[in-house]
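Welcome, and please take a moment to look over the molecule shown here.

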Amino acid sequence: MLSKPQVTIAIPTCNRGAILQQVCEALLHQSVSAETFSLLIIDNNSTDDTPQRMAEMAKQFPHFIYCVEKKAGSSHARNAAWQHCETPWIAYLDDDAKPFPGYVEALLRAIARGGCEVIAGKVVPWRLQPLPSWFCDEYESYAPAADADGYLNAKDFAIGGNMALKCEAIRRAGGFDPRFGVKGTVIPYGEETVLQIGIRKHGGRIRYAADMQVAHLAKSSRYTIKTLLKIAYLSGKSTPIIYNWHGAKEFFRLCLKIPYRLGKAIATSIRCSIQGTYAWQNCVITIAGEVCHLWVMFVGFFWLKRYGKSILSRSS
């Protein structure tokens, strides 16, 4: 008789059957039995061979659920996942984030430790495709600072591609807002951050588990100067909306932040160039990316002040 799974690992996906299969295979080669978790695939309207590949993977997992979510968007897919979840905790993985062999064991250990509603995992690059010579690991890495007990400070959040949450905490916070995230109607980023802000408002805490590691695919198509500057721009655009900046206090902080962050970007570029760890492309990305990010944050503050209430109160 199969043992009851302790956690659900959910992977929302769309048209990445081949890479998703590799992620699933990594979950088959964990340091603990596959009976300890349930694998939940949320297919967000794939038109490739994802269904066929997952039908084969289902034969290899003791607990496997495959669902189709017709509403396009990462928030809809993530909501479908926790609504189908039959365990108290759900862990989200990107469909191009390959877990390390000790991932599930670290996840279960963090859950057993308790004292939090969200667990943030570590992300490192997955070098599967040819990358430019100037690629830096930091572009695909995530390892937040935490206090002695592992708790993140109020400004840091778990990253969506490797995080675990209590389903009850998700429910209390209202789930993932479909206006945010890929295919969102407001911005293409931030659905997991908006949710975690809501969880914290209900008293929830976020803890970092450094040994809960995944390798995130570093896509060669992403690593051009133009693409990375666009990402910086969109990230800056999202910030005032996510945090609902509109008052004099936020504006004053933003004015102080602009020279500090720009100066830091310039100093980092100079230091790393001298050390030989930065090419000219890295300097452009660091400095110009910060300019794009800060400029659109500044403009976005006034845009939100004028239009934000109607945008954020718009029905989803």
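Let us begin with Thr286, which touches Ala265, Ser269 and Tyr278, leaving aside residues up to four places away in sequence; a contact here means heavy atoms within 4.5 Å. Thr286 is found in helix α9, which covers residues 280–312. Helices (H or I, at least four residues) and strands (E, at least two) are DSSP runs, numbered from the N terminus. With a relative accessible area of 18%, Thr286 is buried. Buried means under 20% relative accessible area, exposed means over 50%, and partly exposed lies in between, with a 1.4 Å probe and protein chains only.

Before going further, a word on what you are viewing: this is a predicted model, in which local features need pLDDT of at least 70 and side-chain atom pairs count only at pLDDT 80 or more, while totals for chains, interfaces and linings use all residues. Residues are numbered from 1 along each chain as its sequence is written, and side-chain values use heavy atoms, with hydrogens and water left out.

Now step back to the whole chain. The protein chain holds nine helices and eight strands, and its C-alpha atoms fill a box of roughly 60 × 45 × 45 Å along the principal axes. How does the radius of gyration agree with that of a compact globule? For 316 residues, such a globule would have a value near 20 Å, and the protein chain has 20 Å, which agrees. The radius is taken over C-alpha atoms, and the globule rule is 2.2 Å times the number of residues to the power 0.38. Of the 316 residues, 51% are buried. Among contacts with a separation of 6 or more, 82% are between residues 24 or more positions apart.

The accessible surface of the protein chain comes to about 15,400 Å², and 56% of this belongs to carbon and sulfur atoms. These areas come from the Shrake-Rupley method with a 1.4 Å probe; for residues, only the protein chains shown count as cover.

What about the cysteines? A search of the whole structure finds zero disulfides, a disulfide being a pair of cysteine sulfur atoms within 2.5 Å. Cys136 is buried at 12% relative accessibility, and Cys272 is buried at 10%.

Next come some loops. Ala173 lies between α5 (167–172) and α6 (191–201), and is partly exposed at 24% relative accessibility. Not counting residues up to four places away in sequence, Ala173 touches Leu195, Gly198, Ile199 and His202. The C-alpha atom of Ala173 is separated by 27 Å from that of Phe251, 78 residues apart along the chain.

Finally, look at two asparagines. Asn15 sits in the loop between β1 (7–13) and α1 (17–28); its phi is near 60°, a positive value in a residue other than glycine. Asn15 is partly exposed, at 35% relative accessibility. Asn45 is in the loop between β2 (37–43) and α2 (50–58), with a positive phi near 70°. Asn45 is partly exposed, with a relative accessible area of 27%.
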